[in-house]
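Hi everyone, thanks for coming.

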Amino acid sequence: MTAPRARHVIIVGGGASGVLLAHQLLRQPTDDVRVSLIEQRPDIGRGIAYHTGNPDHLLNVRVANMSALPDQPDHFWHWLVSRGADAPLCPDPYCFVPRRIIGDYIASLLEQHASDRADIQRLSIVHGRCIAIRERRGDVTASLDDGRQLIGDTVVLATGHDPRANSPDHADPWAAPSAAAIADDATVLILGTGLTMVDYVLSLLRDGHRGPIVAMSRRGLLAKPHRRVDAVRIEEAEVPFGSGIGSLLRWLRGRIDRHIAAGGDWRSVIDGLRPHTQRLWRELPLSSKRRFLEHARAWWDVHRHRMAPEVEVRITEAIYGGRLTPMAAKLISAEPDRTGATVNYRRRGETRLHHMHVGAIVDCTCIVKDPRATANPAVRSLLELGLARVDPLRLGIETDRNCAIIDRDGVPSRRLYAVGPLTRAAFWEISAIPDIRNQCAELAALLVRSDEERRIASPARI
């Protein structure tokens, strides 16, 4: 009697999202699942977020919340402690460690499978670039740029953040400043005032840059710092699910005000809301989502995505020392010249133009804001074939609650799925490990079910 064929899951993207999903699939209580992980970078588990080797680039989530496993919340902390002298100074789970450490940790998840005799035949790391995906009735094919083709039962896109192509006149925000040959005393203009800007400033300071640094964004807001506080428990019954954005924000402000009046910290309320944010987003009316993105998103981001206290100290010193100037303004034009560029900009609330000569421009807002502009050929192929569509707000490709990719006719697939930031249209809060680990655990459990069980769980196209 012939043994049943193992289900073959192809994961496109070997950064954090892809590795977490592969690990969860190989942890399932079955041995009839085979995983192929496609990654174009030489390192597995790092992606954009964790490839940095700069020790000044710290996680913006405390160690206690960075476990890769929902059922083992202390997994990362125990892994860190087990490294002994090789681990960075971290006295307790409230600390913040360099981002390269979480990259090591995520990579270690697959290393244990690669060394396990039972798993070694079930996991394949494929180095290459996926350029096209085709879905047929019986299987799905992932094509690589070198001509190879992988045929499987399921393909999951785990391509992470989608950086748009950098302007040739701008320094690469993901590379060390030394790669841009910026003069030590030149003025550096950074577009964006978020956490990517913070990292680049720290890189400039580490490289000994002496010139002024100007960080410019529409509102000039900086990420708030973390404090040593715990999340409050917010019951589902308290949360006004389905309300418009105005009512929701009034409720949140009132909840924060009452907590502060009782001696608490606003951070505890923001963190306490985290288990409910995906449902809040899902049940928010489309018009409210649009208003939130236009008027409140920047304020939410600086309170929700905070910087480590050690980073706050460095950035505050840079501001008060005159090294860094945050500015609420809009870049109007930039005219390159032999020594940099002359930029024209308009300050928020003003009509007249200002001018400034800078030695370099660094665009730290360079995540693709409209998925139709993606440079990722795998995603582009799905959109061109009608196997995927962009959501009405242009946040990402549309997926259902089970991560199934929805085609141009509105029908979810049973062979094509996505995880991580690519699914923010459906999940919104899906860029950090605590959210992605839950998503990957749930999808892994779904993918190992029989076809009939999956059809019942998520009625979809074959």
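Let's begin with a question: is Phe76 buried or exposed? Phe76 has 0% relative accessibility, and anything under 20% counts as buried, so Phe76 is buried. Keep in mind that this is a predicted model.

Now, who is the partner of Phe76? Its ring pairs with that of Tyr105, with the centres 4.7 Å apart. The planes meet at 50°, so we call this pair tilted. Phe76 sits in helix α2 and Tyr105 in helix α3, so to speak a link between distant parts of the chain, 29 residues apart. Tyr105 is buried too, again at 0% relative accessibility. Trp79 joins Phe76 and Tyr105 in a cluster linked by ring pairs.

The whole structure has 6 aromatic pairs. Another one of them is Trp281 with Phe292, an edge-to-face pair with 6.2 Å between centres and 70° between planes. Here helix α7 holds Trp281 and helix α8 holds Phe292. Trp281 is buried at 4% relative accessible area, and Phe292 is buried at 8%.

Finally, the second largest pocket, with a space of about 990 Å³. It is lined by 38 residues, and those closest to its centre are Arg274, Pro275, Pro434, Asp435 and Asn438. Which helix gives the most to this lining? That is α12, with 6 residues. By class, the lining has 15 charged, 13 nonpolar and 10 polar residues.

Note on methods: Residues numbered from 1 in each chain as written. Predicted model: local features only at pLDDT ≥ 70, side-chain atom pairs only at ≥ 80, totals over all residues. Heavy atoms only, no water. 1 Å grid on protein atoms, 1.4 Å probe; cavity = no way out; pocket = protein on both sides within 12 Å on 5 of 7 lines; lining within 4 Å. Points joined across faces, edges and corners; volume = space filled by probe spheres on them. Helix = DSSP H or I, 4+ residues; strand = E, 2+ residues; numbered from the N terminus. Nonpolar A, V, L, I, M, F, W, Y, C, P; charged D, E, K, R; others polar. Phe/Tyr/Trp six-rings, centres within 6.5 Å; stacked < 30°, edge-to-face > 60°. Buried < 20%, exposed > 50% of the residue type's maximum accessible area, 1.4 Å probe, protein only.
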